[in-house]
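Hi everyone, thanks for coming. Let me put the structure up, and then we can walk through it together.

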Amino acid sequence: MGKRSDFQRVKNEYYRTFDPRACAPLGPLLQHYGVNDYAEPCCGLGDLIWQLKGLGLKCLARYDINPRRPGIPFGDARTLSKADLNGAGNIISNPPWLRPILHALIARFSAMVPTWFLFDADWLHTKQSAPFMDFCTDVLSVGKLRFLPCTRQDGKDNCAWYRFDREAAGKPTVFHGRVG
C-alpha cells in the first residue's frame, strides 16, 4: 500500500481495487491498444475483474496467492507461465506493491504479453524503475484511490497505471495526465 501509511500492512499486500476511479480513466487507453481480453494474476475478490467487465473486457484467467472466493485457483503470480494465461493477450492487475514482488512480476509478465499494472506513481521517479523504463510504453495517472472498503479516506499515495511491453522496447514512454 502506501509508504506513508501508519496502519499495519495486510498479508501479501492484499488491498481491494473496488474504487471506480481506478479503471474509469483506463478505458480509452485499453481501446487504443485494442485490448479485449486479459488475465488477472492477483485478483483477490475480483473487484478489478468486475470493473473491467463494465468496460467490455473478458477475463480469460484469474489467480490469487490466497484465493478469497470459490472458483479462483491458487497461483503464485511469480510462477505462472504463458500457458496459465489461457490465451489472454494482456495482463491487467493491481499487484502487490512490495518491490521485490512487483519487480519480479513486471519482468516475468512483460516478457509474455503486454502487462498493465496499477501501483504507486512515485515509483517512476526512483532509480529502481530504471531497468523497466525501456519497455514501459505508457503511464496513466489516476491520483489517490481508496483501497480499504471500511473507510471514507483515500490512500496517501498517488497511483498510476503502467503498461509494460517487451516488444515495444526502446520506444518513448507516453505519459497520460490525470482525467477528472
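Let's start with strand 5, residues 136-144, which is mostly covered: seven of its nine residues are buried, where buried means under 20% relative accessible area with a 1.4 Å probe, protein chains only. Strands here are DSSP E runs of at least two residues, and helices are H or I runs of at least four, numbered from the N terminus.

Before I go on, a word on the source: this is a predicted model, with local features needing pLDDT of at least 70 and side-chain atom pairs 80 or more, while totals for chains, interfaces and linings use all residues. Residues are numbered from 1 along each chain as its sequence is written, and side-chain values use heavy atoms, leaving out hydrogens and water.

So, what does strand 5 pair with? Strand 6, residues 158-164, runs antiparallel to strand 5, joined by seven bridges; pairing takes at least two DSSP bridges. Lys 144 has Asn 158 as its bridge partner there. Strand 7, residues 174-176, pairs with strand 5 in the parallel sense over three bridges, and Leu 140 stands opposite His 176.

Now look at Phe 164. Leaving aside residues up to four places away in sequence, Phe 164 touches, among others, Ile 106, Phe 119, Trp 123 and Cys 136, with contact meaning heavy atoms within 4.5 Å.

Zooming out, the protein has four helices and seven strands, in the order α-β-α-β-β-α-β-α-β-β-β. Buried residues make up 51% of the 180 residues.

That's the tour, thanks!

Conventions
Buried < 20%, exposed > 50% of the residue type's maximum accessible area, 1.4 Å probe, protein only.
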